[in-house]
Structures are given as structure tokens and as C-alpha cells.
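Okay, thanks for coming, everyone. Let me put the model up, and then I'll walk you through the interface and a few spots in one of the chains.

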Amino acid sequence: MSPFAPMTSSTINVLKGAEAQYRLMYFAPVDPGVTVAIERGMVLSLNAAGRFVAGVGNSKAMPMFAMGRGTDFDVNAGGPNIATDPSAWVGISPSGKLAALVCGDYEISTTAFVAGTYAFNQFLTSTDTGANAGLLSAGVLGTNTICGIVSRPVGDNGHGYPALSFWTKFLPNV
Amino acid sequence: MAYFDPAETAQVNEAFFTAVSGNGSGMVKQAQDMIDDYTRKYMREDGFYRKIIPMTTIGNDKLDKNLYSDRPMRIEELEPNSPAAMSLPYGGLPDGFTMEYRNYPVYFDYVFTPKFMKNVDTLRTTRMDIRKIMNDNAVKDMLAEEDGKFLSSCLRACVGPGLIVPGSGVVQHQVLAGGVTKNTIVDTQKIMPSTPFSISAHMGLMNDLTMREFNKWDVPQTGDNVAADIIEKGWSKERILGMDYLFTIKKGLVPTNRIFYFGDPKFIGKSYCLQEPTMWIKREAMNVEFYSFELIGGAIGNTAAIAIADIQ
């Protein structure tokens with residue numbers, strides 16, 4: 001999704017679960033090797049360097065859910081490349097860390113899913129490769145790492161964009 | 001750093017205990033004015049980022065809207081370039097030049113201390129300076145985080161050791177041999193003015209171990225009076241070869257034998273505070289939790305106002 005997409009096109013809502021002050025959050029930078037744009041609600045996991053990568057695939061990594069975009073102003077100062085562009089500036093803030101909600105006792109609504117039909121109690125996973133890396137999709141227990149279970153069918157995120165609701169649940173591929 | 005006498009320390013401890021053990025179990029308490037004031041006082045004295053680029057507190061009216069994000073930001077303007085004047089014979093007209101200038105953004109994020117937790121009843125008999133511990137932990141950690149972010153930006157602005165910065169066409173992070181001698185220091189002071197922008201370095205920053213190398217300077221480098229002073233008091237000058245220097249103990253941020261140079265703040269960029277350092281305190285029954293936070297932003301708009309020297 002373009003960094004200039006409307007704010008309301010990419011959303012994550014914590015429908016149920018701990019209040020904001022008590023949520024289990026994790027903060028880390030996004031790995032420079034991530035090629036997909038990080039959108040709100042996308043599935044993230046930590047690589048060996050402690051940086052966020054998109055999706056969990058069939059790994060046993062803990063799924064987390066992006067609370068902001070990779071291009072948000074409190075995450076990424078953006079701008080031209082200082083090493084090549086004579087007009088580059090350098091942001092002192094932000095720090096480059098993205099906030100993510102760790103898989104736990106939550107019901108979440110997210111716009112970051114592969115379009116399709118999802119049934120109640122359907123297992124969800126998120127591939128870590130390709131263009132759909134980080135997006136929720138149907139998963140197979142025992143084959144994929146499960147990061148959620150559908151709680152409500154696809155609906156509206158309140159701003160006209162489709163959103164999928166699910167309970168976060170970590171079932172590693174063992 | 002100022003320290004309070006025992007009588008005042010006890011008074012502050014009592015006030016803090018009263019503040020966190022008062023009525024209203026489960027209610028969120030705002031920090032008492034006195035505690036807030038103490039926090040702000042230490043902020044002015046510690047840290048070097050705010051001495052290099054003074055931080056200005058701004059309100060919502062100074063922020064700029066953005067169509068694609070609700071995060072606060074501010075757009076700053078940079079002085080436009082213009083080509084040099086020219087001499088022409090009769091009948092000539094100058095080249096056309098469309099006036100252009102560029103903007104750069106200032107973004108904001110939070111700086112937090114850890115959330116400290118304590119059973120209030122265990123504070124009843126402590127004789128430690130609770131305020132000093134709170135301030136030292138909270139304020140110093142926040143200042144160190146500010147300093148670290150700023151120096152990380154300075155390193156990015158100079159691209160890397162021995163590498164040309166495209167904005168100036170000059171290597172602004174130089175590696176110089178020869179040890180910390182007067183001649184080497186002179187060479188480090190020449191890095192910033194060597195760019196086409198001719199900005200003079202306004203202030204230098206080094207750690208205290210680098211500074212102690214000046215104690216090795218002998219009479220030909222220091223003169224008789226200073227040499228005698230060094231023997232008695234050690235190096236005590238903050239102004240060296242016509243420039244002010246800051247000395248820091250944060251060796252993790254400023255490695256030994258590295259000197260950062262900064263132009264006048266108006267040449268570097270901007271630094272803002274949206275939320276002053278604030279302490280959040282919560283008490284539930286006998287347990288108290290507290291942390292400090294602030295919302296700050298900054299940007300280096302002109303990378304030619306930063307220079308770094310690594311002395312070998």
C-alpha cells in the first residue's frame with residue numbers, strides 16, 4: 001500500500017482484551033531486508049537479529065501485530081538517502097522502532113488479510129514470503145504456525161474498508 | 001549538578017511519601033508541582049543535546065497537518081541556494097534562475113523511563129535521597145536517550161568515516177593521525193569550514209578521557225601559565241584554540257579520541273518539545289508505580305553543520 005494511502009485504509013482495533021496501559025507490547029526496528037510495506041494489523045515476528053520481519057510462515061516465532069505503519073512519523077523519518085542525495089535531511093526523532101501487540105488474550109480487527117471468505121473458528125496464519133508476507137490467511141493446524149482464530153466474519157473497519165476479526169492465538173508448527 | 005542538604009532531603013522524601021501514599025487508592029495521580037520542578041531543573045543541567053541545539057517547547061498551534069498521518073509533525077524551511085553573481089559586458093543579461101527552496105520535516109516520538117515499582121510501606125524508614133534516585137534514574141536515562149538519538153543522527157549526517165557527504169562534496173567524518181596534539185586539534189577544527197558552505201564550528205564535544213590527553217600537552221603547546229596549572233589542577237579549560245568544548249562522561253555515546261563539531265544551532269536544524277518531562281504516578285493499595293516521559297522531536301536540516309574527527 002502506498003505510504004500516501006488514507007489513514008483509515010489500514011487499521012487495527014483491539015476489540016477486547018487488556019486496556020492500552022496493560023497490553024503486552026514489543027518495540028523493535030523493522031529489518032532492512034523487509035520488502036513489503038508494513039501496514040497496521042500486519043503479522044510480524046522477530047528474526048535472529050531481533051528485528052521485525054513480516055509474517056511467521058511455518059516457523060515457531062511468536063506472532064505480533066503491527067500497531068502502526070512502517071512509514072508512520074513516529075517510526076520512520078523517511079526522506080532522501082543521505083549517502084547519495086545532496087538535499088537529504090536527517091531526523092533526530094523518531095528512533096526507528098515500531099510498536100507491535102504480542103499474541104495473547106485479545107480479539108483484534110485488522111485490515112491486513114488476504115481477501116477471501118473466512119468461517120467462524122477458522123485457523124489463521126501469515127506467510128513470511130512473497131507479496132502477501134505479513135497478511136493473515138487461512139492456515140492449517142500442524143502445518144502452518146497459527147496466529148489467530150476467526151471470531152467474526154469479514155466486516156467493515158468503520159471507514160468502509162474490509163476488516164477481519166479474530167482471537168489472537170499462538171499455535172506453533174510442531 | 002546541585003545536591004540538597006540532609007534537612008531538605010528529608011523534607012522532599014516526606015513530601016514524596018505523602019504524595020504517593022495519600023487517599024484515593026486506585027486513582028491516577030498527577031505529579032506534584034515540586035516533583036515536576038525538580039525534574040525540569042536537572043534536565044537543564046545534564047545532557048549535551050539540549051546545549052548543542054536548544055530545545056523549544058511548542059504547542060499544537062505550531063504543528064502542521066498531514067493528509068496521510070495523524071502523528072504530529074512540523075515542516076521547516078531551509079535557506080535557498082542561489083548561483084553566484086556574474087560579470088557581463090554591455091548588452092548582456094543574466095541567466096534566469098527560478099527561486100526554489102526545500103523544506104524538511106520534524107517528527108516527534110516519546111522518550112520514556114522504565115516504569116518503577118515499589119511497596120510504599122518500604123519507604124517509611126529509608127534514609128536515602130529518594131528524590132535523587134528518582135531524578136538520577138529518570139532524568140539521566142531520558143537525557144542519555146536524547147543524547148544517543150542526536151549523536152546517531154550526526155553519524156548518519158556525516159555518512160561515514162572517509163566518505164563524501166553528497167550535500168557538501170566533502171568528507172565530513174575524517175580520520176586523522178598524530179594523536180591528540182595541538183596541531184591535530186587545529187586540523188579537526190578545519191573540517192567543517194572546508195565545505196562550500198564555510199560554516200565555522202561553534203562547539204565541540206568529546207569525552208573526558210579524550211580531554212585528559214590535553215594534560216600531556218607541554219609548555220610549547222600550552223604556554224608556561226597553563227602548563228603550571230595543569231600540574232596542579234589538570235586540564236580545566238572549556239575553551240580550546242578559540243572554540244568552546246563540551247566534555248561528557250558518556251563514553252558509550254562519544255568514543256575516546258572522537259570529537260564531534262557543531263555549527264551554530266541556527267545552521268544545524270530544529271529541536272522541539274511537545275510534552276515537557278512529566279512524571280506519571282499510580283498508587284493501588286500499598287503499591288506505587290511511576291515513570292517519566294516526554295514527547296520531543298528534532299531534525300538536522302543542514303548536514304554541513306556537523307563534522308566528526310576520529311583521532312588515531
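Before anything else, a term: when I say salt bridge, I mean a side-chain nitrogen of Lys or Arg within 4 Å of a carboxyl oxygen of Asp or Glu. With that in hand, look at A:R40, A:D72, A:D74, B:D70 and B:R71, which are linked in a network of salt bridges. Within that group, A:D74 pairs with B:R71, and their closest N and O atoms are 3.0 Å apart.

Quick housekeeping. This is a predicted model, so local features need pLDDT of at least 70 and side-chain atom pairs count only at pLDDT 80 or more, while totals for chains, interfaces and linings use all residues. Residues are numbered from 1 along each chain as its sequence is written, chains are lettered from A and ligands numbered from 1 in the order in which they are written, and side-chain values use heavy atoms, with hydrogens and water left out.

So, the interface. In terms of contacts (heavy atoms within 4.5 Å), 29 residues of chain A meet 34 residues of chain B. The two chains bury about 2,600 Å², with 57% of it on carbon and sulfur atoms; that's the accessible area, 1.4 Å probe, that two parts lose on being put together, summed over both. On the chain A side, A:F73, A:V90 and A:I92 lose the most area to chain B, together 31% of what that side buries.

How many salt bridges cross between chain A and chain B? The rule finds two.

There's strand pairing across the interface too. Helices (H or I, at least four residues) and strands (E, at least two) are DSSP runs, numbered from the N terminus, and two strands pair if DSSP finds at least two bridges between them. Strand β6 of chain A, residues 90–91, runs antiparallel to β14 of chain B, residues 287–300, with two bridges joining them.

Now chain B itself. It has nine helices and 15 strands. Six of the strands make an open sheet with mixed pairing, in the order β8-β15-β12-β9-β11-β10. At the edges sit β8 (173–176) and β10 (239–240), each pairing on one side only. β8 runs parallel to β15, residues 306–311, through four bridges, and B:L176 has B:I311 as its bridge partner there.

On burial: under 20% relative accessible area is buried, over 50% is exposed, and in between is partly exposed (1.4 Å probe, protein chains only). By that rule, 44% of the 312 residues of chain B are buried.

Last stop, helix α4 of chain B. B:E146 makes a salt bridge to B:R50, with the closest N and O atoms 2.8 Å apart. That one links distant parts of the chain: B:E146 is in α4 (residues 130–157), B:R50 is in α3 (residues 49–52), and they're 96 residues apart. Is B:E146 buried or exposed? Buried, at 1% relative accessibility.

Next along, B:D147 meets B:K250 in a salt bridge at 2.5 Å, N to O. Again it's a distant link, 103 residues, with B:K250 in the loop between β11 (243–248) and β12 (258–262). B:D147 is buried at 1% relative accessibility, whereas B:K250 is partly exposed at 22%.
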